[in-house]
Amino acid sequence: MPQSLASIYLHAIFSTKNRQPIISIDWQEELFNVLSSISKKIDCPCNIVNGVSDHVHMLFQLNRTITVSAALNKIKSTSSAWVNDQIKPSSTFHWQAGYAVFSVSQSNVNAVARYIMNQAQHHQKVSFQDELIAFLKKYKLDYDERYLWE
């Protein structure tokens, strides 16, 4: 086959440093737009991004020429620079060092998008910690809880 083709959907979850609830409702939507824009600029189109005061969820397509790590590092570093330059919070904004990312089959893209769209309602009942651990267990990922909550 002379062409290289890929359709890789990912659901990424990452938190503010130390899970600080500092993503204000006043600039949350603008941040989500920035995250989506960065994703698009690295040829990883974002289907949806949403979150709450201490973390975000993104559903995007991974370009076949970039690694998961490189994509998320670019998205996180560029967006934190944007927050610090444009929003100018009282203390420097940082994302957590790590992230969780899960594969999404084409048949589940709409369901994952709905899940991400309803983050505010979801987190009225479920904490970020419980949500993340449920994902890790669902995907059968080994983890050491000492290192999840930096």
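This is a predicted model: local features need pLDDT of at least 70, side-chain atom pairs count only at pLDDT 80 or more; totals for chains, interfaces and linings use all residues.

**Surface and charge**
- On the charge side, the protein chain carries 14 positive and 12 negative side chains.
- The centres of those two sets sit 6 Å apart.
- Buried residues account for 41% of the 150 residues in the protein chain.

**Overall fold**
- You'll find five helices and four strands in the protein chain.
- Going along the sequence, they come in the pattern β-α-β-β-α-β-α-α-α.
- The radius of gyration is 15 Å, close to the 15 Å that the globule rule gives for 150 residues, so the protein chain is as compact as a globular protein of that length.
- Taken along the principal axes, the box filled by the C-alpha atoms is roughly 55 × 35 × 30 Å.
- Take the contacts between residues at least 6 apart in sequence: 69% of them join residues at least 24 apart.

**Strands S2 and S3**
- Strand S2 covers residues 46-52, and six of its seven residues are buried, so S2 is largely enclosed by the rest of the structure.
- S2 and strand S3 (residues 55-61) run antiparallel, joined by six bridges.
- The link between S2 and S3 is a hairpin through two residues.

Terms used: Residues are numbered from 1 along each chain as its sequence is written. Side-chain values use heavy atoms; hydrogens and water are left out. The radius of gyration is taken over C-alpha atoms; the globule rule is 2.2 Å times the number of residues to the power 0.38. Buried means under 20% relative accessible area, exposed over 50%, partly exposed in between (1.4 Å probe, protein chains only). Contact means heavy atoms within 4.5 Å. Lys and Arg count as positive and Asp and Glu as negative; His and the chain ends are not counted. The place of a charge is taken as NZ of Lys, CZ of Arg, CG of Asp or CD of Glu. Two strands pair if DSSP finds at least two bridges between them.
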